[in-house]
Amino acid sequence: MQKTTAQGQRFFELAPAGHYLALRVGFAFPMEERIELPPAWIAEYTRGGLMLMDPVMKWVYQHQGAQRWSELALPDPANVLAAAARHGLCFGAAVAVNDHDLKGQRSFGSFARSDREFSDAELDELLAEVERLHQAKAPPTNLTKAELEALRMVKDGLLMKEIAGLLGVSEGAVQQRLKNAKTKLNATTSSHAVSMASGFGLI
């Protein structure tokens, strides 16, 4: 669970009952996930495997934009929304954005209130903020072919000496490529850079 930051404070103001946010979802896992929901609801949701039956989750994977939960034109045979309401998540908004291409990643959120429906202006604000965070996490486009090649070899478990031998360069040259890649990815270590590049689908 992410700690509250000034950057994310607006989500708490707009959705005081709680929210879930997934940024840059690729084939499986999000690059960043924020879960700010009642613990009892998280436990019930997880225990019951409700994600597979949640109309909000179905909507965010199939659509773009922002929509009130009450306006989702999707079946809810497991009564997920009614169960959520028992935990104070009575009114909600589903928000989803993506990269607009076949290999693009998706970011989405589910936001809840206990007192009233979200206004149109609030839906627009939630959508704009999720879009902003989605773009802020976009992969860098300035990594060179050589830098990506070095990262790919590290991912494959090769040692620095092996990588240098295969590429026909010095170990220092390999280290410089990895250093450049770390800087461009804003990574702390080579392993972190490999993880980030893999998450972006770059290697």
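Phe 11 and Phe 111 are both buried. The model is predicted. The two rings form a tilted aromatic pair, with 5.0 Å from centre to centre and 40° between the planes. Phe 11 lies in helix α1 (residues 9-14), and Phe 111 in strand β5 (residues 106-113). The pair thus links distant parts of the chain, 100 residues apart.

A second contact of this kind involves Tyr 20 and Phe 108. Their ring centres are 6.3 Å apart and their planes meet at 40°, so this pair is also tilted. Tyr 20 belongs to strand β1 (residues 18-25) and Phe 108 to strand β5. Here 88 residues separate the partners, and distant parts of the chain are again linked. Tyr 20 has a relative accessibility of 15% and therefore counts as buried, the cut-off being under 20%. Phe 108 is buried, at 1% relative accessible area.

Helix packing was examined for α6 and α8. Helix α6 (residues 145-155) packs against helix α8 (residues 171-185) at an angle of about 100°, and the axes are 9 Å apart. The two helices are therefore roughly perpendicular, a class that spans 65 to 115 degrees. From α6, the contact draws on Ala 146, Glu 147, Ala 150, Leu 151 and Val 154. From α8, Arg 177, Leu 178, Asn 180, Ala 181, Lys 184 and Leu 185 take part. Seven of the residues in the contact of α6 with α8 are nonpolar, one is polar and three are charged.

How values were computed:
Residues numbered from 1 in each chain as written. Predicted model: local features only at pLDDT ≥ 70, side-chain atom pairs only at ≥ 80, totals over all residues. Heavy atoms only, no water. Phe/Tyr/Trp six-rings, centres within 6.5 Å; stacked < 30°, edge-to-face > 60°. Helix = DSSP H or I, 4+ residues; strand = E, 2+ residues; numbered from the N terminus. Buried < 20%, exposed > 50% of the residue type's maximum accessible area, 1.4 Å probe, protein only. Axes fitted to C-alpha atoms, helices over the stretch in contact; angles between N-to-C directions. Parallel < 35°, antiparallel > 145°, perpendicular 65-115°, else oblique. Contact = heavy atoms within 4.5 Å. Nonpolar A, V, L, I, M, F, W, Y, C, P; charged D, E, K, R; others polar.
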